[in-house]
Amino acid sequence: MTEPAAAAPSRVPSPGCPPPHPAPRVPKLRLPPGSCDAHCHVFGPADVFPYAPERTFTPPDAPKEQLRSLHAHLGLSRAVVVQSSCHGHDHRVLLDALAAGEGRVRGVALIGEGTSRAEAEELHRAGVRAFRLNFLPHLRSRPTGAEIEAVLERVDGLGWAAQLHVRGEDLPGLTDLVRALPGRVVIDHMGRVDLAAGRNGPAVRSLRGLLDTGEVWVKVSGVDRVSVQGPPYTDAVELAAELVAYAPERVVWGTDYPHVNITGAPPDDGLLVDLLETIAPDPAHLQRLLVDNPSELFDFEPTTRPTGARGGA
C-alpha cells in the first residue's frame with residue numbers, strides 16, 4: 001500500500017455529525033461472489049424511523065437505499081445490519097432493511113428487558129441471527145448481570161450469536177463473561193484493542209485466548225478505529241491479518257458503514273475493501289472471511305464459488 005500517512009481518526013465520539021462522506025474509490029480487488037459486509041448500519045431517515053429520545057448521539061441519515069448503493073459499488077451482495085443504539089429497542093428500521101433485502105440481509109438486534117419473547121421471535125422470522133451487548137461507555141452504561149440474563153431468556157432456543165462491543169482495556173476483565181455465554185460469541189472490531197500497547201498487549205492476548213475456546217468469533221472490521229497510524233491503517237491491518245491466519249474459520253469482516261462516532265474524515269470504503277488483499281492474502285481465507293464464515297454464522301444460504309473469483313479488476 002502506498003497511501004500517504006495521515007493522522008488517525010479519534011476513537012472519541014464526535015459532538016456533532018461526522019463530516020460528509022466523499023465518494024469511495026472503486027476497489028481494485030474483485031471480491032468472491034456472495035461476499036458479505038458483516039457489520040454495517042442503517043440510520044433513519046429520521047422522519048420515517050425516529051431516533052430514540054435516550055440516544056447518546058445523533059447520526060446523519062443513512063437509509064437502506066444508500067447502503068445498497070455502496071454495496072453495489074464495492075462488489076458486496078450480502079449484508080448484516082447491526083441495530084444502532086441511537087434507534088434503541090425500536091427495530092422498525094432494521095425490520096424494514098431486512099424485508100427489502102429479500103434474504104440477502106441478516107440482522108443483529110438490541111434486546112432489552114422490555115423486549116417480549118414474541119418480539120424476539122418476530123425478529124428471528126425477519127432474519128435476525130444475533131443480539132448485541134454494548135460495553136462502550138459512550139453508548140450506554142455497562143449491562144448488568146440481570147439485564148444479560150433477561151436478554152438470554154428472550155432469545156433462548158433461537159440459535160442467535162451474542163455480539164459484544166467492548167473496549168480493549170476491558171477485554172481481559174470480560175473473558176469469564178464471554179466464556180459463560182451460551183453458543184457463539186462474536187467480538188466486534190477486533191475488540192477495539194489499543195495498538196499503542198503493541199500487538200502482544202494484554203487485550204490482544206485475551207483476544208487470542210478467546211479464539212482458542214472454539215466458540216468465539218472476531219470481526220476484523222474497524223481497522224480505522226483500531227489503528228494509531230491513520231490510512232492505510234498498517235498497524236491494524238497487520239493485526240487483522242494475524243487474526244485471520246490464526247483462526248480462519250471464525251473471522252468475518254465488515255465496513256462499519258457509515259462510520260459514526262469518529263472525529264476527522266471517515267475511511268474510504270473502497271480502500272477498506274482493497275486492504276482485504278493484505279488481511280486475507282490466501283484466496284481460501286478470503287473466501288472463508290467474506291462468504292463461507294458469514295453464511296455459517298448468520299444463516300445465509302450457501303454460495304458456491306466459481307473459478308477465478310479472486311483477482312484484480
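Student: What makes strand S3 (residues 78-82) and strand S4 (residues 105-109) a pair?

Tutor: Count the bridges. Two strands pair if DSSP finds at least two bridges between them. S3 and S4 have four, so they pair. They run in the parallel sense. One place to look is Val80, which stands opposite Arg106 in S4. The strands themselves are DSSP runs (E, at least two residues), as are the helices (H or I, at least four), and both are numbered from the N terminus.

Student: What am I looking at, and how are residues numbered?

Tutor: This is a predicted model, in which local features need pLDDT of at least 70, side-chain atom pairs count only at pLDDT 80 or more, and totals for chains, interfaces and linings use all residues. Residues are numbered from 1 along each chain as its sequence is written, and side-chain values use heavy atoms, without hydrogens and water.

Student: What is the order of the strands in the sheet?

Tutor: The order is S2-S3-S4-S5-S6-S7-S8-S9. That is an open sheet of eight strands, with parallel pairing.

Student: Why are strand S2 (36-40) and S9 said to stand at the edges?

Tutor: Each has a single partner strand, so one side of each is left without a neighbour in the sheet.

Student: Which strands does S6 pair with, and how do you know?

Tutor: Strand S5 (residues 128-134) and S6 share five bridges, in the parallel sense. Phe131 has Ala162 of S6 as its bridge partner. S6 and S7 are joined by three bridges and also run parallel. Five and three both meet the cut-off, so S6 pairs with S5 and with S7.

Student: Why is strand S6 (residues 161-165) called largely enclosed?

Tutor: Buried means under 20% relative accessible area; exposed means over 50%; partly exposed lies in between (1.4 Å probe, protein chains only). Five of the five residues of S6 are buried, so the rest of the structure largely encloses this strand.

Student: Which residues of S6 point which way?

Tutor: Ala161, Gln163 and His165 point one way. Ala162 and Leu164 point the other way. In a regular strand the side chains alternate between the two faces of the sheet.

Student: What do S6, helix H5 (residues 171-180) and S7 make together?

Tutor: They make a right-handed β-α-β unit. To check the hand, point the strands away from you: the path from the first strand over the helix to the second runs clockwise.

Student: What makes Asp90 and Arg92 a salt bridge?

Tutor: A salt bridge is a side-chain nitrogen of Lys or Arg within 4 Å of a carboxyl oxygen of Asp or Glu. For Asp90 and Arg92 the N to O distance is 2.7 Å, so the pair qualifies. Asp90 is at 28% and Arg92 at 45%, so both count as partly exposed.

Student: How many salt bridges does the structure hold?

Tutor: It holds 18. Another is Glu169 with Arg167, at 3.7 Å between the closest N and O atoms. Glu169 is exposed because its relative accessibility is 60%. Arg167, at 29%, is partly exposed.

Student: Which residues are linked in a network of salt bridges?

Tutor: Arg199, Arg208, Glu238 and Glu242. Side chains of opposite charge can pair when their charged atoms come close.

Student: What is the omega of the peptide bond from Pro231 to Pro232, and what is that bond called?

Tutor: Omega is near 0 degrees, and the bond is cis. Pro232 sits in the loop between helix H7 (223-226) and helix H8 (234-246). The bond from Tyr257 to Pro258 is also cis, with omega near 5 degrees.

Student: What stands out about the phi of Asp256, and is the residue buried or exposed?

Tutor: Its phi is positive, about 70 degrees, although Asp256 is not a glycine. Asp256 lies in the loop between S9 and H9. Its relative accessibility is 3%, so Asp256 is buried. Arg192 has a positive phi too, about 45 degrees. At 10%, Arg192 is buried as well.
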